[in-house]
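Please read this briefing alongside the sequence and the structure shown below, taking one topic at a time.

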Amino acid sequence: MSRIPVWFDTDIGVDDAAALLVLSRTPEAEVMGISTVAGNVPMERAYDNARKVAALAGLTCPVYRGAAGPLYQELKTALHVHGEDGLGGAVLPPSPAPERSEAAWDALYRAAVAAGGALEVVAVGPLTNLAIAFGKYPDLKDRVRRILLMGGAARGGNVTPAAEFNIHVDPHAAQMVFKSGVPIVMCGLDVTERAYLTAEEVAEIGSHDTPVCRFFRDCTADLLNYHLQRGEAGILLHDVCPVAYLTHPELFRGEEAGVYVETRGTITTGKTVTDLWSDKQFPVKNAVVVLDVDRPAWASYVRDTLVNG
Ligand code: BDR
Ligand code: CA
């Protein structure tokens, strides 16, 4: 079986860690590299977390540092959601892998060239690294097969009434990526707020005595409570959606749309404006906007991948 070459770009917090664990256990995918970006946590913490989670997952691919902040504005983190360490206080040993000095965007470009047009990029944080890569390497847009991202929302936001966190943190970068010409699968809040695991489902996964399941249990405990207290039906694992879509698109429902990012709003900065329900259509359909998921089937897939993968 020829495997899909995948690049994983992350501001690694709790749901990013779950996504990386699921990806590492996806037999159809080969993770060629991981890049880290400031978002949920500052970049250095993201770098350290990504290396530790990759080691836990048994991934031997290199991990690269990326941007320490958004292109044109101050960084906003989400430590109150993911914990001061970004991993909900779950302890992992240091990674034995060597640190890499190459910048994320250079390594991503190299991987895209090596993959000969087959590279799929899964991006689950602010899109700063990707924007820098597209700016520095104009031919990169022809070398990436697809970008599957967690970000945005056709309907309402989470960090503001209009905007979702990853896009709001670096709207200028997001706009560059949406305008890049690379086909995009946008897993925004429309779908990711339906992609939850109940407390019972988390406990069942955590009851399996493996390093991955024990880490999953410890890492998700505080975030599960955070979401339950806010009235959600379980823990929202936003970033697992684009990973699942990569090999199981049949679990999802999406529609092609034109998507542009508001970069200069007064109350709408970071809004992903779609033409899904408008009489006025944008000239180009640049994304598949994912709107729904078969939640029980998705939950079984996540469970089975983490427990048996
Ligand atoms: C997104 O923001 C982050 O907190 C999560 O990791 C996810 O990527 C959800 O808005
Ligand atoms: Ca994330």
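Leaving aside neighbours within four places in sequence, Pro70 is in contact (heavy atoms within 4.5 Å) with Leu75, Thr128, Val169 and Asp170. This is a predicted model, in which local features need pLDDT of at least 70 and side-chain atom pairs count only at pLDDT 80 or more, whereas totals for chains, interfaces and linings use all residues. Residues are numbered from 1 along each chain as its sequence is written, chains are lettered from A and ligands numbered from 1 in the order in which they are written, and side-chain values use heavy atoms, with hydrogens and water left out.

**Pro70**

- Pro70 lies in the loop between strand 3 (63-65) and helix 3 (79-82), where helices (H or I, at least four residues) and strands (E, at least two) are DSSP runs, numbered from the N terminus.
- Pro70 counts as buried because its relative accessibility is 12%, buried meaning under 20% relative accessible area, exposed over 50% and partly exposed in between (1.4 Å probe, protein chains only).
- Pro70 is 39 residues from Val31 in sequence, and their C-alpha atoms are 25 Å apart in space.

- Distant parts of the chain are linked here, since Asp16 in helix 1 (residues 14-24) and Asp239 in the loop between strand 8 (235-236) and helix 11 (240-247) are 223 residues apart.
- Both Asp16 and Asp239 are buried.

**Helix 11**

**Helix 1 and helix 2**

- Helix 1 and helix 2 (residues 43-57) pack at about 35 degrees with their axes 10 Å apart; axes are lines fitted to C-alpha atoms, for helices over the stretch in contact, and angles run from 0 to 180 degrees between N-to-C directions.
- The contact is made by Ala17, Leu20, Leu21 and Ser24 of helix 1 together with Ala50, Val53, Ala54, Leu56 and Ala57 of helix 2.
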